[in-house]
Amino acid sequence: MFNKEDSILRLKDASRAMEICNACRYCETLCPVFPQITQFRTFDKPTLNYLSNLCHNCKGCYHGCQYAPPHEFNLNIPKTFSELRVDSYIQYAFPNILGKLFAKNGTVVSILIAICIGLLFIAGAYFNSADSLFTAYDGKGSFFKVIPYEIMTLVSGLIFFHVIVAFIIGFKRFWTENGDKMSELADLSLWKYAMGAAATLKHLDGGDNGHGCNHIDDRFGHSRKWYHHGVMYGFILTLISTTLAAIYHHFLGIHAPYDFDSLVVITGTLGGILMVIGCIGLTYIKIKADPIPMSQKLLGMDYSFIAMLALVNITGLLLLVLRDGIWMPSLLCIHLGFVLAFFLIMPYCKFVHLLYRLGALLKYAKFDRQNQN
Amino acid sequence: MNKVIVIGGGNAALCAAISAADEGAKVILLESSPRLWRGGNSQHTRNMRVYHPKPTETLVDSYPLEEYYEDLLKVTKNETNEELAKLTLKSSLDVYNWMLEKGIYFQPSLKGTLSLSRTNAFFLGGGKTLVNREYQIATDLGVEILYEHEVLNVKLKNNEVEFLEVKLPNGKIEKFKADAYVAASGGFESNREWLREAWGENSKNYLIRGTKFNQGKVLKSLLKQGIQKIGKEEQGHAVAVDGRAPLYDGGIVTRLDCVPFGIVLNDEGKRFYDEGEDFWPKRYAIWGRLVASQPNQVGHVIIDSKSFDLFMPSVFEPTKADTLEELAEKLNLPINQVIKTIAEFNSAVVDGNFDLTQLDNCITKGLEVNKTHWARRIDTPPYYGYTLRPGVTFTYLGVKIDKDARVYMENGKAMTNLFATGEMVAGNILSQGYLAGIGMTIGGVFGRIAGKGAANV
């Protein structure tokens, strides 16, 4: 499915598609990708990797395409780009061998989650007695009675380190593939544009007149952008919550669980709720959407990612509500199991779209500036 | 409440359906194609020519009525219906504003491919995105859209439509009745049989740039029953397109812009027309006819590597060779004649200052057919060849209407409940030639008038 031979065929087909787009150009103002296409005459792998990662999958170019299937030219840019993106994730993955996890990603993610939850229960049972997993604890430090603090810190620290290394190497592979130098990233104006565009999802607004994108059918709108904002800003809030918790723990000597009115809980809860709403919305759109411009091969990856994000948060919120009862230890194991799986798979699942899309936005900012000069 | 049936599913039909629904009519739209092929030739269009006295949201500068009318007279060689033409041009701005109001998106003016952003409003994403939006608007207004419903016959009784005979998706034929009807189902350019009758055997080698659903059945049915025709059956608008384009729906990407930079040979290896007569946008339309009159209805553009990057990339790879002999062989042309033609051409070239941006002074002298601009020797390998064929855009034959989009009979009587718009009525304004984007204007203007009229008969 995502083996080398198929990937070569896909590159060839994408290059053919780009040549048709280049001779048509009706989509010129539909989104920022098409003006970029016109900058090229030939479409090699680095170029296609750049263009496909710049694509935000709004599908406007499919619905508006006079050469979309059933036309014999069979142009389906959103689908083509989605599959190219995954090929590029595999190509950039560090260590390379783990790139294989992108194939059958849905299954990989599910199995990993099951293993991680299992491990947490075993650990919980090991550090306590098995029946203590159904005991109510209260007071500060109750979570660490289930899983010792040192174990939590050590494991999360190691995983965090691995994620950072894998991201830096993956990003470098993407950035330098078309000959761009890492030193160019010192230019803060590129970051200004890219971070702004990422923060507002400007590229999902369509062209300059802000018509939005197609999500379910050929109607334009902004709902996908708003649901995505829910997930993205929810995620950022939970990161803030985690960071605050670390500060409380290490510098203020206040240990989890934190009070309901503490900043840790407020940001975490708000973030969790936002992410759950976002995930539900995105899933709804995906289920209802016209299947033709979507790659059926990627549904496993997409749904497993959304489900994992949602479950991390749902179990987290449940834990918050039930933390004083007898279900706390098992919920903690389940929640930490999801969190562990999420961070373990982070560099080898849909999460990486963030990395390469940001990279593509940086490249876009660079191209845009060159054009203006 | 009147019941209105709109026949056709392109921009003109949709403008009629939306207007009729706005007037409170119960509207059914019959589109002969399946859902994924809907929209007729509109899905291949890109813009609409709009008069405007001052800049608008997406149109720069101004395009005065007088200039628009002069442009129209130029292409039609003064043969137009002045009343209808002026009505069309004047109403073009109303249609544009109406579309904006309805939530149709136009793209911001850009340094476009044909530099038309002064005279033409570009639909965001092109004609298919426009048509999608129009279907949404129509659906939201309660218009019932029936796909794969092909109108075979419009049954007339005196100057009134009695009913329609419609072929359903299951192949059965059923009668459809309404208070009023709008015919907006295009020309007959996709009907090979009719083309052969009207244009002769050679038409089998023509490609159709647009939809395969313009079979002209409604048009034929009306003309057979005494409706006044307009335009000549033997006239069609054709341009030269890449010979490898699909038989239907090749659309914009099959155009080739390389003619002015090379020479064009026929199947006998001979040149037949001045390739550098004028800028390509002003000449591409005549090359359809030129190629159509050559043996086998083909032409072969030969350029060398000096010119390869001077035009918009084409969708099909050119035939490429390191020698002219090899190129001629690959293109299946008589090698000796090709070499001779090119040698004669090369020795007739008078050196000048090659300049794409103006009618330059690079010419040939002493040839039977001289090239009057951009003439450069074909001498730098690799050489490239593109085969051209006539690509039919639309036909001019239609039905006569008045300013209320009402259809007329040969006996001079107006139909009581039949209106028409789109390619079917374009011949009232365009007797010949073409002005980029005016087809969509005609469809929009008379679509709105027809829809309103039909809702209020």
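**Sheet, helix packing and chain contact in a predicted model**

In chain B, strand E2 (residues 26-30) pairs with E5(B) in the parallel sense over 3 bridges; strands are DSSP runs of E with at least two residues, helices are runs of H or I with at least four, both numbered from the N terminus, and two strands count as paired if DSSP finds at least two bridges between them. Within this pair, B:Leu30 stands opposite B:Leu146 of E5(B). The model is predicted, so that local features need pLDDT of at least 70 and side-chain atom pairs count only at pLDDT 80 or more, whereas totals for chains, interfaces and linings use all residues. Residues are numbered from 1 along each chain as its sequence is written, and chains are lettered from A and ligands numbered from 1 in the order in which they are written.

Both strands belong to an open sheet of 6 strands in chain B, with the order E5-E2-E1-E9-E21-E20 and mixed pairing. Strand E5 (144-146) and strand E20 (406-408) of chain B each have a single partner strand and stand at the edges, so one side of each lacks a neighbour in the sheet. On average, neighbouring strands of this sheet are turned by 30° against each other, direction ignored; axes are lines fitted to C-alpha atoms, for helices over the stretch in contact, and angles run from 0 to 180 degrees between N-to-C directions. Helix H11 (residues 438-455) of chain B lies across strands E1 (3-7), E9 (180-183), E20 and E21 (414-420) of chain B, and runs at about 165° to E9(B).

In chain A, helices H12 (residues 299-321) and H13 (residues 328-345) pack at an angle of about 155°, with their axes 9 Å apart. H12(A) is therefore roughly antiparallel to H13(A) (angles under 35 degrees count as roughly parallel, over 145 as roughly antiparallel, 65 to 115 as roughly perpendicular and the rest as oblique). The residues of this helix contact divide into 13 nonpolar, 3 polar and no charged; Ala, Val, Leu, Ile, Met, Phe, Trp, Tyr, Cys and Pro count as nonpolar, Asp, Glu, Lys and Arg as charged, and the others, Gly among them, as polar.

Between the chains, 26 residues of chain A are in contact with 25 residues of chain B, contact requiring C-beta atoms, placed from the backbone, within 7 Å. H1(A) gives the most to the side of chain A that touches chain B, with 5 residues. The residues of that side divide into 8 nonpolar, 10 polar and 8 charged.

How values were computed:
Contact = placed C-beta atoms within 7 Å.
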